[in-house]
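Subject: Handing over a structure, with notes on what was found

Dear colleague,

I am passing on the structure below, together with some notes for someone who has not seen it before. Please have the sequence and the model open while you read.

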Amino acid sequence: RCAPPLSEVAGQVVQLCQGRLLVGHGLSKDLSALGIADAVERQWCYDTITFPDFQARDGSARTLKHLAKRHLGLDIQVRGRHDPEEDAAAVLLLYLQHVRPRLAGSYEELVEVYTQQLLAQMQQGGRATGSNELLG
């Protein structure tokens with residue numbers, strides 16, 4: 001067909017991400033699927049899966065559909081399919097309305113959020129990272 005090769009698309013995504021905040025849900029999986037997990041500047045990444053308020057009591061990740069309904073009152077993925085624009089809008093709203101305000105809190109709150117995110121990432125088998133990567 002007429003689709004560009006994955007390597008070309010991946011390169012374009014890396015360029016688009018440079019110097020920009022990248023917010024996603026399951027972001028590390030998306031970047032790995034594109035083969036660019038190590039190429040994207042992680043200090044500019046924020047994955048909503050790592051935010052403690054968005055996790056189940058056992059620390060496991062909740063679905064984006066669940067988070068959108070619970071925290072935003074939005075019904076997404078109603079036809080059983082992921083709509084990339086709808087998912088992206090929901091993630092951005094979650095970040096802007098619930099995550100970013102908490103990150104602007106006191107030093108103690110930032111340490112608590114960072115600690116919880118680091119623990120969650122380690123439980124999911126991810127590598128430990130710097131605070132800039134986790135805090136966005």
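The notes that follow begin with the chain as a whole and then turn to particular places in it.

This is a predicted model, in which local features need pLDDT of at least 70 and side-chain atom pairs count only at pLDDT 80 or more, while totals for chains, interfaces and linings use all residues. Residues are numbered from 1 along each chain as its sequence is written, and side-chain values use heavy atoms, with hydrogens and water left out.

The secondary structure of the protein chain comes to 6 helices and 2 strands, where helices (H or I, at least four residues) and strands (E, at least two) are DSSP runs numbered from the N terminus. Read from the N terminus on, the elements follow the order α-β-α-β-α-α-α-α. Of the 136 residues of the protein chain, 33% count as buried, a term that stands for under 20% relative accessible area, with exposed meaning over 50% and partly exposed in between (1.4 Å probe, protein chains only). Among contacts (heavy atoms within 4.5 Å) between residues at least 6 apart in sequence, 47% join residues at least 24 apart.

A search of the whole structure finds 2 aromatic pairs; rings of Phe, Tyr and Trp (its six-membered ring) pair if their centres lie within 6.5 Å, and planes under 30 degrees apart count as stacked, over 60 as edge-to-face and the rest as tilted. One of them is the tilted pair of Y46 and Y95, at 5.3 Å centre to centre and with 55 degrees between the planes. Because Y46 lies in strand β2 (residues 45-47) and Y95 in helix α4 (residues 84-103), this pair ties together parts that are 49 residues apart in sequence. Both Y46 and Y95 are buried. F51 and F54 form an edge-to-face pair, at 4.9 Å centre to centre and with 65 degrees between the planes, and both F51 and F54 are buried.

Helix α4 also takes part in a helix packing: α3 and α4 pack at an angle of about 45 degrees, with their axes 10 Å apart. Here axes are lines fitted to C-alpha atoms, for helices over the stretch in contact, and angles run from 0 to 180 degrees between N-to-C directions. The two helices α3 and α4 are therefore oblique to each other, given that angles under 35 degrees count as roughly parallel, over 145 as roughly antiparallel, 65 to 115 as roughly perpendicular and the rest as oblique. On the side of α3 the contact is made by L64, L67, A68, H71 and L72, and on the side of α4 by D87, A90, V91, L93, L94, Q97 and H98.

Q77, in the loop between α3 (64-72) and α4, has a positive phi of about 55 degrees although it is not a glycine, and Q77 is buried, with a relative accessible area of 9%. T48, in the loop between β2 and α3, is buried with a relative accessible area of 0%, and, not counting residues up to four places away in sequence, T48 touches V23, G24, H25, F54 and V91. A37 lies in the loop between α2 (27-34) and β2; leaving aside neighbours within four places in sequence, A37 is in contact with L31, S32 and R42.
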